[in-house]
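Please read this report alongside the sequence and the structure shown below. It goes through a few local features in turn.

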Amino acid sequence: MNTTRSGRPALTRPDGTPVRVLVVDDDPDLAEVLSGALRYEGWEVRTAADGASALAGARALRPDAVVLDVMLPDTDGFAVLRSLHEVKPDVCVLFLTARDTVEDRIAGITAGGDDYVTKPFSLEEVVARLRGLLRRAGMARQQEEGPRMTVGDLVMDEEAREVTRAGDLVELSPTEFELLRFLMRNPRRVLSKAQILDRVWSYDFGGQAHVVELYISYLRKKVDAGRAPMIHTVRGAGYVLKPVA
C-alpha cells in the first residue's frame, strides 16, 4: 500500500500522476500553510492571491481542485468560480470563508461550489474534504487499490479483469474490457474514434468508425443498462465516460 508522509493512503489522478490543486487566498501565511499541507499529500500545488492570478494559474495548472477564499482583493470567490468553470468545467471547488451563515452556504453551493469550510479550520479537515470531493467526482483514486480503477460507482479490477457497477458484476468480452479500460483511464475526457481505434485496436483510423460505434453500443448495454448513463456521445467529437452527478 502506498501512503503519504501523513500516513494516509496516497491519492493520485486516475493516470497515476499527482493531484493538482490551486489555492486561492490573499493571506500569504495561510496560503503557504495550506500549500504545505497539500504538498505533504504528494500533490502538485500552485497558489494565487487574487482573482486575476487565480484564472492565470488555472489555465497553466489545469487543477483537479481549487481551494477558494470567498473574499479576495479584486473580486469575490463566486465570480472567480464562474470564470474557473469556463477554464475547466469539472474542477472541484472548496470554498473558504470567515462567515458561517445559511445564506453564505447557499450562495456558495448555488454558485457551483462543491463544499464549504469556515475559518478558522483545521488543515486535516481541508485535506479530508478535498480527498472526498476528488474521489466522489471520479477524478482521483487511492493507490492502495493497486490495479483497481474507480469512476463514480463503476469499478475495474485490472488484475482480476473484473468490472462492477454499484456492486453488480458486469460481464465483458476482452475487447469490451479494453475499451472500458481506456475510457476509465480518461474520465470526463472526450475521446475520438481515431484515438479509441489506435489504443484499443492498435491500428490507424481509416473507415473503421463502425467498429467503435458497435462496441460502444455493446458496452452501453452492459454498463448503463437499467441505470443512469455514464457513457455519452459528443456529436462530431467522440465519446466520454462521466460519473453520474
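Where is the place of Arg-188? Arg-188 lies in the loop between α6 (174–184) and α7 (193–201), where helices (H or I, at least four residues) and strands (E, at least two) are DSSP runs, numbered from the N terminus.

## Basis of the model

This is a predicted model, in which local features need pLDDT of at least 70 and side-chain atom pairs count only at pLDDT 80 or more, while totals for chains, interfaces and linings use all residues. Residues are numbered from 1 along each chain as its sequence is written, and side-chain values use heavy atoms, with hydrogens and water left out.

## Backbone features in loops

Arg-188 has a phi near 70°, a positive value in a residue other than glycine, and is partly exposed, with a relative accessible area of 29%. Here buried means under 20% relative accessible area, exposed over 50%, and partly exposed in between (1.4 Å probe, protein chains only). Ala-166, in the loop between β10 (162–165) and β11 (168–170), also has a positive phi, near 55°, and this residue is exposed, with a relative accessible area of 51%.

A further loop, between β6 (115–118) and α5, holds Pro-120; the peptide bond from Lys-119 to Pro-120 is cis, with omega near -10°.

Strand β2 (residues 20–24) pairs with β4 in the parallel sense over four bridges, pairing being assigned if DSSP finds at least two bridges between two strands, and Val-24 stands opposite Leu-68. Strand β5 (residues 92–97) runs parallel to β4 and is joined to it by five bridges, with Cys-92 as the bridge partner of Ala-65. From β4 the chain crosses through helix α3 (residues 77–87) to β5 in a right-handed β-α-β crossover (with the strands pointing away from the viewer, the path from the first strand over the helix to the second runs clockwise).

## Contact between α1 and α5

Val-33, Leu-34, Ala-37 and Leu-38 in α1 meet Leu-123, Val-126, Val-127 and Leu-130 in α5, contact meaning heavy atoms within 4.5 Å.
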